[in-house]
Amino acid sequence: MTTPTKSHQDTSASLPHDSSLTHVTGQSEYVDDRTMLPGELFVGCFYSKVAHAEIKKLDVSKASQVAGVACIVTAKDVHHNAWGPIFQDQPIIADKVTWFAGEVLAVVGASSPESLREALNAISVEYKPLPSVMNITDAIAKKSFIGSERFIRRGNADQALTSAPNRLSGKLVIQGADHFYLENQGAVAYPKEQGQMEVHSSTQHPTETQHTVAHALGVNFSDVVCVVKRLGGGFGGKESQASPIAAYAALVAAKARRPARIVLTKDDDMIMTGKRNPFEIHYEVGFDGKGKILALRSRLYSDGGAYADLSTAIMERAMLHSDNAYYIPHVEVIGQVCKLNYHPHTAFRGFGGPKGVAAIEGVIEDIARELKMDALDIRKANVYRAGWDVTHYGQTVENNMLPLLFDELEVSADYRHRRQEITAHNEKALKATNCFSEDVQYIRGLSMTAVKFGISFTTRFLNQGNALVNIHRDGSVQVSTGAVEMGQGVNTRIGMLVAEELGLSMDKIRVMSTSTEKNANTSPTAASTGTDINGAAAWIAARRLKERLASLALQLSHTWNDAWPSKTAGLGTAPEIDIKKIPYDEALAKTTFENNEVRVTGSNFKIAFADLVVEAYLNRTSLGEYGFHKTENLGFDKLKGQGQAFHYFTQGTAVSEVEINRLTGEIKVRRVDILMDLGRPINEGLDLGQVTGAFVQGMGWVTTENLVYNKEGLLLSHSPSTYKIPSVQDTPRIFNVKLAHNNDNVVNIRGTKAVGEPPLLLSLSVWTAVKDAIRYASEIDKSIMDFNRQHSLTIPATAERTLRHLSPALFARFESVKE
Amino acid sequence: MSDKTSRHHVAFYLNGELTRVQGDDAFMMLAEWLRKRALRTGTKIVCAEGDCGACTILRAFEPTNSSKKPTFMSMNSCIATVAQMDGSHLVTVEGLEVNGELAPAQAAMRVCHGSQCGYCTPGFVMALSGALEVKTHLDRKTAANYTTGNLCRCTGYSPILDAAEKAKASETHNLSKRYLTNQNLQQLKKEIKLPVLLSDTQGRLFSAPMRLQDACKFCAKHKDTRMVAATTDLGVQTNKGRPLPKHLLSLQNIPELYEISTSKTSLVVGARASLSRLRKATEKRIPEFSKFLDLFASPQIKNVATLVGNLANASPIGDTIPFLLASDAVVHAAKFSAGKVIKRKIPITEFFLGYKKLSLKAGEFITAVEIPLTSQTTSIKLFKTSQRKDLDISAVSAALSIETSKSGDIKNAALAFGGIAATPVRIHKLETFLVGKPMTQKLLDRALDLLNDEIHPISDVRGTGAFRRVLVHQLFSKYIHEHFAMGGSA
């Protein structure tokens, strides 16, 4: 079957999210909104406060005496105490050794939150400290690594660097970020008969949660059902790390034979669960006098935290995105995940992409500074285009929109004119003798960056999905897939695809809870592929149902009404209609499914969809279908670093303008213009929401979100009072988002393109705009130039860091004062 | 106390239904109670510290001596106990629809894609609905100001602001009309005629007397009494594992403590006066302070939190304290002794003894703060810097006031900083140094050195010590340059 790229019905309308009504009325059900059953237990975790230690003694005896405590679970209660999305290297509950502060050592089930709290406080532990690795430099020195070094090479980077007229090198430090989904991690487990367990979890990966729970309990996968209604946000943070949380609830439920509910507090959630991987990128770039990049050598190290989790795959994506939108003839990218004593870092919207892209976009700003050029001209000189369209890993950039996206946004964002204004403003401000009066207190920066985000899991086998579509006898339809609804609107899009295929209005379509009972062996809803994979599977199922119904309709149109199944089936007075009598292609070609009706072309015959369904049932025609989809033509050899890594690329450009308070380093984003190529959107309103949301989320990562740990690696900024995600006041004052016109992404379902992650990478334009503003200051003051040549601006560019890059002398003066 | 002299329950209206709560339930955090007892799960708990707004509900309250009709205002339900809701009218997200018809904020959020994952949505809907109680429509700036206390991680806010612009106040959905009927108002007044004394199964007491004298007596009787204002800090501590104290005293039912009285020479702010009301009350007399309160905390916090609470909490970064220090405010305190109420006035500069240590005696508590309306107060300039502009705890804050004589010499200096020591402090040494001298660049340089010697900022989650020193240097320089028109933008 080929997927449709043209529709007969316009459903690209911005229909509201299919949960919007219950969202705004507070009726939407999340895990913790489930009514508590009699006897249901509250579950909480006791976790390590040290980086690395042998657990000499874990004493739960006092805790077990606390009134209301039903059971305490430790490592010895876990049947198969190892889990992990790639390598099973992580205990569900730590046994003899703890590898990070925040690692779970014991789990308590109690009949009230008060008893739970009291019991957790009554647990004591004796540690024998072991050597810890707390930064990447130390990890490199001690070869504390996870997985092996990976590389992607093209041409001869060494030689090209040596012969390049200009060179730059440096180290970019990129911090992690917390997902800060509003709904904290949680699960409710209901013990069932014969050792079965039903788990309702806030997970992006029901299948993995099912498997982890089964491992923990020592039961067959078939004895565990994982159900997900919806998530109050995931962003990657619930791709792998929701699984052990669900296991804690299940372990308590199984041991106490009572329903058990775990809902982490925001503090515990932030302390226990991993973040976006911190990275350190050592780069060397060679370029000519016009800004053409000739060669790039980049060595990426990531902080994987204490266990592998998804870090190796994240590193891979970072390496694959080290080119971003730019053709670089000679490339060497080497990546190595480091093992440190922090919570295991994990997926976060964009995966490794934002880190690879940050390095090259930052480098371009630095080249601009050195060549005294506008960074936009450097970007345009290097952008992928005809003849320059093969990536460093050997994949051709098909359907490339990048040159157009640069050109169109340059005009619509009024880039050149604003550049002149900003230059004039900054020169006036920077030439003043000081920055204390309002008119010279602020300087501005402007930057355009791009994204070329590869869509597909880089691990080929994950690119598969299945869907179950059932038509009921009133003509309404239930769709179930492996996709998890977490706000992105995947259910709405899948519903719209099915509605479009069957010619039904959306009120006839219900996209159901995700459950491993209906859809097994699913992939996580991640890598922006939720709609691509699951939507395609649902479409395949809907298409098969349509084929049968089309055949039936066509035959009914020739059948005397009195011989229809509805008139004959009960008494058996006529033979059944043979659905297979007409080739399906012919049946589809001769029928139209539209407006809840089915028409036969070239005749007056029409029948309500619901009536046709009844005829089909009475004619013993299957009204249920299971669709399976796998993404074709993928083939990336991870060991060689070459091949077709992605199905296609989602592309976009953004211009950000920032204003920096020279007194305090505070950053304000004045204006953002975004132009995205999302192919042919299924629902434009949902897509635009993904763009603004991802962008602002990324803005937080590159500006205010600052993770601070103590020396044991225990997170100190573990709540919104200290960890600052963007607020409504931070959203850009002017925020223009447009979609480019592109009907040619024929390789994907309905010509659409994935949107979940790519726009986040455009938020790097805020960071590069800060760099641009600092560049102006560098040009005026040599001490600032020197400092900035020696130090890349760390991500996030907090007020403190930004101020340090603007006033290095002032910091040097006070740095020496003892605290 | 017998049943005739006190009440062992609290009473409030919840979505138009008279509700009485007693015993353990009254000591629950309101959001927990709404979700677990009242089964209104639309109200979400995310941070449990009043920083995300997912638990936002609307509350209308006026003290019993007020003839004003109360207004619905947003508050965080996660950090207030049920007991504190006595005498209030509350509306949750479940109380917005009328006969199945969505309220304007709900309908607009729906069609503008203002909701993605939905978890923050009820909070935003409530904050916007509260705004539409007092405004007919909202522009983006106003809407942002009403939702500064609400975090969303999905939308990037711009669809929410689109929704806010689209929503128009509707008569049908006006909450005040629906829920603040004369009958409800009168009925509730009848319900709350007696002072409150609650107890739970752990032996805790919560007292909300109706006279200052009884409050003093309670304090005298229970030496470990913890005063409760808006519990914006105590509620957080409770949620984060520290059990509620044994003896809780709230002044919530003492009407006169809600007053903000202004005379020619001073402003006396009662212990129960909310920061929102204080902002209004200072709009004309101390506009700098009033404006500063816009950046301070979220609407949800300001609608309940008090100046006295901020003062009594004595945080090193308490945002209003540098102002009180620089204005030479006076703390009014009361205690019960020898059969009567003893009142005392304490100069603010003598009030802080150390980190979270106050010069209050056993059984003594703050009843008001008096802000002198001198030229020193009205010339104060306020500064606050943090990683995020709005609703972020300061790295450094400052309240600076310098007056000069006709000759140009500095006559008077009041220089207070927060975030640079264990408590906010006046830098007396610097003040003395400056007085009597004319401002010059040379004097400023010496003053900056002296200031640097006098402060002792630490490195913490909000910044390094060096960053704080740089900020103090920058803010003070800016103030002096602007105040003395020293130029610079040549």
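Chain B meets chain A through 70 of its residues, which are in contact with 74 residues of chain A; two residues are in contact if their C-beta atoms, placed from the backbone, lie within 7 Å. This is a predicted model, in which local features need pLDDT of at least 70 and side-chain atom pairs count only at pLDDT 80 or more, while totals for chains, interfaces and linings use all residues. Residues are numbered from 1 along each chain as its sequence is written, and chains are lettered from A and ligands numbered from 1 in the order in which they are written.

On the side of chain B that touches chain A, the elements giving two or more residues are α3 (104-111), α4 (121-134), α6 (158-166) and α19 (465-483) of chain B. Helices (H or I, at least four residues) and strands (E, at least two) are DSSP runs, numbered from the N terminus. With 13 residues, α19(B) gives the most to this side. By class, this side of chain B has 29 nonpolar, 27 polar and 14 charged residues. Here Ala, Val, Leu, Ile, Met, Phe, Trp, Tyr, Cys and Pro count as nonpolar, Asp, Glu, Lys and Arg as charged, and the others, Gly among them, as polar.

Staying with chain B, let's follow some strands. β18 (residues 396-404) and β19 (residues 410-418) of chain B pair in the antiparallel sense over 8 bridges; two strands pair if DSSP finds at least two bridges between them. A399(B) has A416(B) in β19(B) as its bridge partner. The two strands form a hairpin with 5 residues between them, and G408(B) in the turn has a positive phi of about 100°. β19(B) also pairs in the antiparallel sense with β20 (residues 425-426) of chain B, over 2 bridges, and F417(B) has V425(B) in β20(B) as its bridge partner. In this hairpin of β19(B) and β20(B), with 6 residues between the strands, G419(B) takes a positive phi near 85°.

Now over to chain A, which is divided into domain 1 (20-26 + 464-630), domain 2 (34-132 + 179-272) and domain 3 (279-457 + 639-815); the bounds come from an automatic or database domain assignment. The centres of domain 1 and domain 2 of chain A, taken over C-alpha atoms, are separated by 40 Å. Between these domains of chain A, 15 residues of domain 1 are in contact with 17 residues of domain 2.

Chain A also has an open sheet of 3 strands in the order β4-β2-β6, with antiparallel pairing. β4 (97-98) and β6 (124-129) of chain A stand at the edges, each with a single partner strand, so one side of each is left without a neighbour in the sheet. Strand β2 (residues 53-59) of chain A is joined to β4(A) by 2 bridges, and E54(A) stands opposite V97(A) in β4(A).

Finally, consider what is enclosed. Helix α10 (residues 353-371) of chain A has 19 residues and reaches 27 Å from its first C-alpha to its last, close to the 27 Å expected at 1.5 Å a residue; the expected span is 1.5 Å times one less than the number of residues. Of its 19 residues, 17 are buried, so α10(A) is largely enclosed by the rest of the structure. A residue is buried if 20 or more other C-beta atoms lie within 10 Å of its own, exposed if 12 or fewer, and partly exposed in between, with C-beta atoms placed from the backbone. Just after the helix, K372(A) takes a positive phi of about 50°. By contrast, N156(A), in the loop between β7 (145-154) and α5 (157-163) of chain A, counts as partly exposed because it has 15 C-beta neighbours inside 10 Å.
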